[in-house]
Amino acid sequence: MKLLEGKTVIVTGASRGIGKGIALEMAEAGANVAFTYRSSAEKAMALEQELTGKGVMARAYQSDAADFEQAQALVNRVLEDFGGVDILINNAGITKDNLLMRMREEDFDDVIRVNLKSVFNMTKAVIRPMMKQRKGSIINISSVVGVRGNVGQSNYAASKAGIIGFSKSVAQELGSRNIRCNVIAPGFIATEMTAALDEKVLEEWKKQIPLRRTGTPGDVAKACVFLASDWSDYITGQVLLVDGGMVM
Ligand code: NAP
């Protein structure tokens, strides 16, 4: 029997990058996958087909994770379509990098809304069904930047550090209901998000990685499968760094 056989997972922002890697690994582990995207409809449809080809139920939903009402509506639709939700992975995220001197108010607000408020929206929407079934695993994707900060990313660092405080609080509030909440903090993972970075910045980052390579979406996805599964039944409120040893 596969590790997540018969479970239903919601992954936000899975049309590309880390979210796509997570959706694929979840399906490999036997989970049915409901996933969201914001605008990449074609990529989302292609992924839906790829996941279905692995013999699980899969569906793509266009939904803005930063919008409270849309998050509620999404979870209601997933409950209708899939009959339940066992795992939530809050992955959707954006960057709007700039030095604080030059950062506009809207760049701060947008990043907080998409990266942090979305985690509140989606978690609020799933906890009722999870409480009813007295079981659930919530995994929030933060970043090493949320742990140690980064030049030019004060908005992003604040959103990702906020995710850590939020998750530890949820773990404490809902532990008695057997709902676990953990954080994964990826280091440098090669995706479209990091492709936008300056070549020099990239080289500097690589030098700081003991395993001497950038990570892949699959590296993050495997940690997600562990935290989603019963293999991590006694683990909650933790921050797991998936960063090749960059921060220790
Ligand atoms: P990415 O390649 O830019 O992909 C972002 C995904 O999020 C896309 O599927 C995008 O959908 C979706 N998305 C964006 N805003 C959304 C919204 N408001 N509602 C729903 N979906 C939304 O990014 P990534 O590198 O895979 O990063 C994924 C997560 O990992 C983020 O939270 C990021 O902060 C975190 N992370 C990444 C790294 C890294 O090195 N890459 C390191 C640490 C943490 P569309 O395609 O439709 O736009």
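**Around the ligand and its pocket**

Q: Which element gives the most to the shell around the ligand?
A: In this predicted model, helix H7 gives the most to that shell, with three residues.

Q: What makes Ser15 a residue that surrounds the ligand?
A: A residue counts as near a molecule if one of its heavy atoms lies within 4 Å of it. Altogether 31 residues surround the ligand, and Ser15 is listed among the closest, along with Ser39, Ser40, Tyr156 and Thr191. Ser15 therefore belongs to the shell.

Q: How much of the ligand does the protein bury?
A: Taken alone, the ligand exposes 900 Å², and the protein buries 97% of that.

Q: What makes us say that the ligand sits in the largest pocket?
A: The rule asks that more than half of a molecule's atoms lie within 2 Å of the pocket's grid points. The space taken by the ligand is the largest pocket, so we conclude that the ligand sits there. Helices H1, H6 and H7 each give two or more residues to the shell around the ligand.

Q: Why do Gly93 and Met193 count as lining residues of that pocket?
A: A lining residue has an atom within 4 Å of a pocket point. Of the 48 lining residues, Gly93 and Met193 are among those nearest the centre of the pocket, so both belong to its lining. About 1,100 Å³ of space lies in this pocket.

Q: How is the lining of the largest pocket divided?
A: The lining has 19 nonpolar, 20 polar and nine charged residues.

Q: Which helix gives the largest share of the lining of the second largest pocket?
A: Helix H4 does, with six residues. About 180 Å³ of space lies in this pocket, and its lining divides into six nonpolar, two polar and two charged residues.

Definitions and conventions. Residues are numbered from 1 along each chain as its sequence is written. This is a predicted model: local features need pLDDT of at least 70, side-chain atom pairs count only at pLDDT 80 or more; totals for chains, interfaces and linings use all residues. Side-chain values use heavy atoms; hydrogens and water are left out. Accessible areas come from the Shrake-Rupley method with a 1.4 Å probe; for residues, only the protein chains shown count as cover. On a 1 Å grid over the protein atoms alone, a cavity is a set of points where a 1.4 Å probe fits but cannot get out, and a pocket is an open set with protein on both sides within 12 Å along at least five of seven lines; lining residues have an atom within 4 Å of a point. Helices (H or I, at least four residues) and strands (E, at least two) are DSSP runs, numbered from the N terminus. Grid points are joined across faces, edges and corners, and a volume is the space filled by probe spheres set on the points. Ala, Val, Leu, Ile, Met, Phe, Trp, Tyr, Cys and Pro count as nonpolar, Asp, Glu, Lys and Arg as charged, and the others, Gly among them, as polar.
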